[in-house]
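Hello,

Here is the structure I said I would pass on. My notes on what turned up follow below it.

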Amino acid sequence: MTETNGNLLGVSRSLKGRRWQASDVDETARQALRQTHGVSDILSRILAARGVRAEDCGAFLKPALRDALPDPSRLAGMDQAAEILRQAIETRQPVAIFGDYDADGITSSAMLTNYLRLLGVPTEVHLPDRMKEGYGVNLSALRALREKGFCLVITVDCGVSDGEILARAAEEGSRIVVLDHHPAEAPPDGIAALVNPNCPPDESGLGYLSAAGLVFLFLAAVNRLLRASMTPPDLVQFLDLAALGTVCDVSPLVGLNRALVVRGLAALSRGRHRGLAALIRAAGGIRTLDAQTFSFLLGPRINAAGRMGHASLALALLMSETDAEADARAAELETLNKQRRALEQAMTEQAAARVNARYDGRNKTPPFLLVASDDWHVGVLGIVAARLRDRYGRPSAVVAIGADGIGVGSARAPDGVHLGRLIARAREKGLLIRGGGHAAAAGFTVEASRIEALEAFLQEEASAHGETDEAPPLIVDAILRAEGATRDLFDQIQKAGPFGKGNPEPCLALADMRLAYWEKKAGGHLRCRFESSSGASFSAIAFRAADGAMAKAFAKNRQELFHLAGSLRPGWHGGMELTLEDAALSRDCVSARAA
């Protein structure tokens, strides 16, 4: 590593305004990893930077589901909820599942539905229409299910914030079990059981679970009870869906989550799930099977169904009984995903234009961005909020105002801001009709007349929690020569995967690379080629960077030398390429490097 005053390669301010910093590696721990497990130099550096100790290395590199699976009874309410479903299974009582319309909720609903159908239990699933019903449980849907004979309802990935609705439904004769992981201060009234690691009185320490992970653990608890009277379904068949929901919900890849994703990727590689295999075919195949297969290939297509108002289509895909059914549904989802991308791009530009009009350099960008319009599609609000977050480095909310004067909003935040808590405080202040979420993502509804007050409140709260103009440093794990960026190196790095939240993909730097070629590609991406001083050529792609600082710098500085930072990936046409995260002009770093 080459550092000057803590700045890797002398990069104190990159093209994206970031300082490059070498990962913090305990050299003693790194040497212990090498000596005990014989791992390569770069793998030992990556593992040590992530706090992996020599005694834990084996379990980290090859996590076993049996070892990672906690006792389900650690979760408050789990035994009660599992017993309720056991009784329903053994008496063939009809069970309704009320899920959410995102990938986590859809995969959770599919797991639970397929499990019950394997046992011959009558089931029906209700996934709310994002545009007509919005997020969460609604009374009319519960009443419709009860009229069909479904008095027992299990909510997955929703319910904990719908206390008044659930209490009313219970009074009318519904028996409700809530499986949710969204933060709440207290359990809803009137329900039969609640399993939520992020709601008192739970003290399990399993708050990192996605809804899909929670449902998998719930099914393990039910299986344990059923073994006394029958042979229960093998949960291995649900690993790919549990992994998909976990990654798409951006849950940290630690503990059970990590084991689920590792085993889920292995299951996906065997191609036994008709729906997921069909979706991969419809998307044009994959280069490398890893967690990004879930987050960038499968997840967006599953989510496209709910975003465009057809969540039931994604559920049907995951429950397809023939290849023909799966291929037809996958083709429909591919079409919806293309429509979603076009809509997202148009709305992102409109939202960015609104931000730029208000904060065009004359005013300091506030600690929280909120933009609203009465001409936006609610289905892609979350994606647009994420694009604003990435572009401006601020927590961002995007609101679509309906004809009834009610705004539906979605918010996304960078690390260091807990959106769920911010939205909860806004709700307590009476600024919202309803709202909730996680640290990085949240949703809410608000009266149009209160949007200005909401914006002021969120800016004040975000400022009080330490938001600054300084972008977080970019942590770099190693500096490479272009010639050293080989498939063997990539394979070594992948042993530390899967990568995602809680286990970030290793960031590698290349110094003094001459820009030989660049162009803007469809989708707003940059495709580049660089050359080293030895003449080695190296390709790179920067996603959604066509209108950013890198594109502007490349246009003004052709044939200049750049320091590059990003992750190594196999290219479509052989060889390796860099997924470009950041760059810096070498000449701007000379003085710092010489200091």
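How many cavities of 30 Å³ or more does the structure hold? Please keep in mind that this is a predicted model. The structure holds one such cavity.

The cavity

The largest cavity has about 40 Å³ of space. Its lining is made up of F490, I493, Q494, E505, P506, L508, S567 and L568. By class, five of these lining residues are nonpolar, two are polar and one is charged. Two elements, helix α19 (487-494) and strand β19 (561-570), each supply at least two residues of this lining. The largest share comes from α19, with three residues.

Two or more lining residues come from each of α6 (103-118), α10 (239-248) and α12 (274-282). Of the elements, α6 gives the most to this lining, namely three residues. Sorted by class, the lining of the second largest pocket has seven nonpolar, seven charged and five polar residues.

A five-stranded sheet

Elsewhere in the notes is an open sheet of five strands, in the order β9-β10-β11-β13-β12, with mixed pairing. Which strands stand at the edges of this sheet? They are β9 (369-373) and β12 (434-437); each has a single partner strand, so one side of each is left without a neighbour in the sheet. On average, neighbouring strands of the sheet are turned by 15° against each other, direction ignored.

The partner of β9 is β10 (residues 396-401): the two run parallel and are joined by five bridges. Within this pair, S373 stands opposite A400 of β10.

Helices on the sheet

Helix α17 (residues 419-428) packs on the sheet and touches β11 (406-412), β12 and β13 (441-447). The direction of α17 makes about 160° with that of β12. Helix α18 (residues 451-464) lies across β9, β10 and β13, and runs at about 165° to β9.

Regards

Conventions
Residues numbered from 1 in each chain as written. Predicted model: local features only at pLDDT ≥ 70, side-chain atom pairs only at ≥ 80, totals over all residues. Heavy atoms only, no water. Pairing = 2+ DSSP bridges. Helix = DSSP H or I, 4+ residues; strand = E, 2+ residues; numbered from the N terminus. Axes fitted to C-alpha atoms, helices over the stretch in contact; angles between N-to-C directions. Contact = heavy atoms within 4.5 Å. Nonpolar A, V, L, I, M, F, W, Y, C, P; charged D, E, K, R; others polar. 1 Å grid on protein atoms, 1.4 Å probe; cavity = no way out; pocket = protein on both sides within 12 Å on 5 of 7 lines; lining within 4 Å. Points joined across faces, edges and corners; volume = space filled by probe spheres on them.
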